[in-house]
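Trainee: I would like to go through this model with you, one question at a time. Where do we start?

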Amino acid sequence: MSKSKTYLTATGLAARWHLTPHTLSQWRWNGKGPRFSKMGKRILYELKHVEAFEERSIHQNTSYIPFDKEEID
C-alpha cells in the first residue's frame with residue numbers, strides 16, 4: 001500500500017512561515033522557494049519538499065552560506 005502525500009496550500013505555507021501569500025507568489029515567479037505543483041489555479045507544496053527546503057535553509061552563521069545547485073533540483 002502506498003503512502004499518501006501531504007500537501008500545503010500557498011496560504012497554509014505562508015502561515016507556516018509567517019509570510020504573505022504574495023511573497024510566495026514572488027518566489028515562484030523568481031524561481032525561489034520550495035518546489036510546487038499547479039493544479040488549475042491552485043498551488044500546492046508537497047510537505048516533503050517544504051521540509052527539504054527548510055533543512056537547506058538552516059545556517060550556522062552568515063559569513064559563509066554554501067550553494068550546491070544539485071540540492072535545488
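Mentor: Start with a pairing: strand 2 (residues 37-39) runs antiparallel to strand 3 over three bridges. Strands here are DSSP runs of E, at least two residues, helices are runs of H or I, at least four residues, and both are numbered from the N terminus. Two strands pair if DSSP finds at least two bridges between them.

Trainee: What should I know about the source of the coordinates?

Mentor: This is a predicted model: local features need pLDDT of at least 70, side-chain atom pairs count only at pLDDT 80 or more, and totals for chains, interfaces and linings use all residues. Residues are numbered from 1 along each chain as its sequence is written, and side-chain values use heavy atoms, with hydrogens and water left out.

Trainee: Which element has the lowest mean pLDDT?

Mentor: pLDDT is the predictor's confidence in each residue, from 0 to 100. The chain mean is 87, and 84% of residues reach 70 or more. Where pLDDT is low, the predicted coordinates should not be read in detail. Helix 1 has the highest element mean, 97, while the lowest, 50, belongs to helix 4 (residues 69-72).

Trainee: In strand 3, which residue is the bridge partner of Lys38?

Mentor: Strand 2 and strand 3 form a hairpin with two residues between them. Gly40 sits in the turn, with a positive phi of about 65°. Across the pairing, Lys38 has as its partner Ile43.

Trainee: And in strand 3, which residue is the bridge partner of Tyr7?

Mentor: Strand 1 also pairs with strand 3, antiparallel, over three bridges. The strand 3 partner of Tyr7 is Glu46.

Trainee: Is Glu46 buried or exposed?

Mentor: Buried means under 20% relative accessible area, exposed over 50%, partly exposed in between (1.4 Å probe, protein chains only). Strand 3 has four of its five residues buried. Beyond neighbours within four places in sequence, Glu46 is in contact (heavy atoms within 4.5 Å) with Lys5, Thr6 and Tyr7. Its relative accessible area is 12%, so Glu46 is buried.

Trainee: Within what arc do the buried residues of helix 1 fall?

Mentor: In helix 1, Ala10, Leu13, Ala14 and Trp17 are buried. The arc is that of the directions from the helix axis to the C-beta atoms. The buried residues line one face, because they fall within an arc of 100°.
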